[in-house]
Amino acid sequence: MGKLKVGVLGATGMVGQIYLRMLDGHPWFEVSAVSGNTTVGRRLAEAYGGRGEVPERLRDLEVLPSDPKRFDVDLVFSCLPTEAARTIEPGFARAGFPVFSDASAHRYQDDVPLMVPEVNPDHLDLIEVQRRRRGWDGFIVTTPNCTTLTFVLPLKPLVDAFGVRHVDVVTMQSISGAGYNGVPSMAILGNVIPYIRGEEEKVSTEPKKILGRLADGRVEPAGFEVDATCTRVPTLVGHLASVSVELGRDFRLEDAVEALSSFEGLPQRLELPTAPRRPIVVMSEPDRPQPRLDAEAGDVRGMPVFVGRLRKGARERTIRFVSLSNNLVRGAAGIAILTAELAHATGRLV
Ligand SMILES: NC(=O)c1ccc[n+]([C@@H]2O[C@H](COP(=O)([O-])OP(=O)(O)OC[C@H]3O[C@@H](n4cnc5c(N)ncnc54)[C@H](OP(=O)(O)O)[C@@H]3O)[C@@H](O)[C@H]2O)c1
């Protein structure tokens with residue numbers, strides 16, 4: 001069977017570059033069309049300028065406008081800014097394309113799956129609900145905010161083993177999370193900004209949808225609340241989070257460590273190409289994980305979430321830890337590719 005042809009919408013941005021790197025030599029998918037905005041009409045190598053390396057095979061590809069009529073592909077990945085995604089992504093889905101999106105524009109709609117493939121693979125069933133309701137041949141599937149991902153994956157084995165009542169999280173987010181032109185260097189170098197507009201709302205609501213139960217064509221949100229404080233720090237790649245979780249019952253720390261480190265999901269059982277062998281890597285060194293040392297690590301580079309500093313909190317039934325994920329890989333391009341692999345492996349891309 002030949003490879004599926006894929007398009008990348010917003011291919012010249014921070015996340016777009018990671019798609020092109022991760023899809024270079026992918027066993028199932030091959031990039032054959034890309035879009036941009038200010039760089040439309042240029043060769044991809046020229047559009048990148050000094051921003052990064054373009055895989056050799058793609059250097060001469062023309063940057064297209066995000067118009068479905070210009071795309072002769074089997075599916076698209078979208079890393080468009082939210083406002084552009086709001087109209088462009090439904091245009092592609094209506095025209096029959098499966099759309100896997102990192103943008104927040106459609107994440108919260110009832111019939112749009114918000115996916116972490118190891119956590120809620122069954123939520124892909126919403127695709128059929130969406131198609132029926134909207135009369136589309138294609139569909140939109142979304143991935144979470146890059147910061148949500150940092151702690152929602154470790155929450156899953158805790159929910160399964162002990163139940164979760166409440167989550168408190170303080171994030172330390174890298175500047176790449178804001179996009180190529182996102183944070184002025186004079187604002188962030190030597191500084192910490194204790195506020196990121198709109199972020200705490202996303203980080204508080206998304207885990208409840210992701211860990212919610214799919215029944216009768218809709219997701220019943222999980223029954224816990226998340227308190228979040230989101231900060232921007234002068235690291236380049238990798239979002240770190242300090243997390244405190246009130247569990248549903250008393251627990252032994254070693255049982256929690258075992259639940260986290262032995263966790264695997266459907267992508268691991270199916271041996272999907274972009275699935276890390278362990279989605280959660282528990283670190284025992286007292287000063288890890290660190291963005292500089294660990295954000296690019298793992299058997300599939302950047303795909304595991306690293307968890308360290310596991311300890312009991314002062315309050316009863318509370319576990320505390322620090323977690324790290326690569327915001328551009330596990331938090332964006334990598335998770336969308338893994339989701340598309342899951343959709344393909346379960347017969348949803350035919
Ligand atoms: N950065 C992260 O860590 C991260 C993580 C998860 C999700 N996301 C989400 O992913 C998306 C992209 O983020 P990013 O960090 O890659 O942003 P970015 O570096 O600013 O890149 C934006 C890309 O979108 C293109 N674009 C802008 N306006 C467009 C329009 N109206 N029509 C078509 N293309 C347009 C740009 O093309 P030109 O270069 O040609 O102008 C560029 O390729 C956002 O929705 C963001 O929220 C980002």
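These notebook entries record what I looked up in a predicted model.

**Conventions**

I number residues from 1 along each chain as its sequence is written. Because the model is predicted, local features need pLDDT of at least 70 and side-chain atom pairs count only at pLDDT 80 or more, while totals for chains, interfaces and linings use all residues.

**Entry 1: domains**

I began with the domain assignment, which gives domain 1 (4-145 + 333-345) and domain 2 (146-326); such bounds come from an automatic or database domain assignment. The C-alpha centres of domain 1 and domain 2 are 24 Å apart. I then looked up the contact, in which 28 residues of domain 1 meet 31 residues of domain 2; two residues are in contact if their C-beta atoms, placed from the backbone, lie within 7 Å. On the side of domain 1 that touches domain 2, H11 gives the most, with 7 residues. Helices (H or I, at least four residues) and strands (E, at least two) are DSSP runs, numbered from the N terminus. By class, that side of domain 1 has 15 nonpolar, 7 polar and 6 charged residues. Here Ala, Val, Leu, Ile, Met, Phe, Trp, Tyr, Cys and Pro count as nonpolar, Asp, Glu, Lys and Arg as charged, and the others, Gly among them, as polar.

**Entry 2: the shell around the ligand**

Of the 30 residues around the ligand, Gly-10, Gly-13, Gly-36, Asn-37 and Gly-179 come nearest; a residue is near a molecule or strand if its C-beta atom, placed from the backbone, lies within 6 Å of it. Helix H1 (14-23), helix H3 (82-94) and helix H11 (329-345) each supply at least two residues of the shell, and H1 gives the most, with 3 residues. By class, I find 12 nonpolar, 17 polar and 1 charged in the shell.

**Entry 3: H1 against H11**

Two packed helices are described by the angle between their axes and the distance between the axes. I found that the axes of H1 and H11 come within 9 Å and cross at roughly 45 degrees. That makes H1 oblique to H11. Axes are lines fitted to C-alpha atoms, for helices over the stretch in contact, and angles run from 0 to 180 degrees between N-to-C directions. Angles under 35 degrees count as roughly parallel, over 145 as roughly antiparallel, 65 to 115 as roughly perpendicular and the rest as oblique. In H1, Val-15, Ile-18, Tyr-19, Met-22 and Leu-23 meet Val-329, Ala-332, Ala-333, Gly-334 and Ile-337 of H11. This contact has 9 nonpolar, 1 polar and no charged residues.

**Entry 4: H5 against H8**

For helix H5 (residues 146-162) and helix H8 (residues 253-261), the axes come within 9 Å and cross at roughly 125 degrees. H5 and H8 are therefore oblique to each other. Pro-154, Pro-157, Leu-158 and Ala-161 of H5 make the contact with Asp-255, Ala-256, Ala-259 and Leu-260 of H8. I note 7 nonpolar, no polar and 1 charged residues in it.

**Entry 5: backbone exceptions**

Most residues other than glycine have a negative phi, and most peptide bonds are trans. I looked up two exceptions. Arg-288 and Pro-289 are joined by a cis peptide bond, with omega about 5 degrees; Pro-289 is in the loop between strand E12 (280-282) and helix H10 (291-294). Glu-271, although not a glycine, has a positive phi of about 50 degrees, and Glu-271 is in the loop between helix H9 (266-269) and E12.
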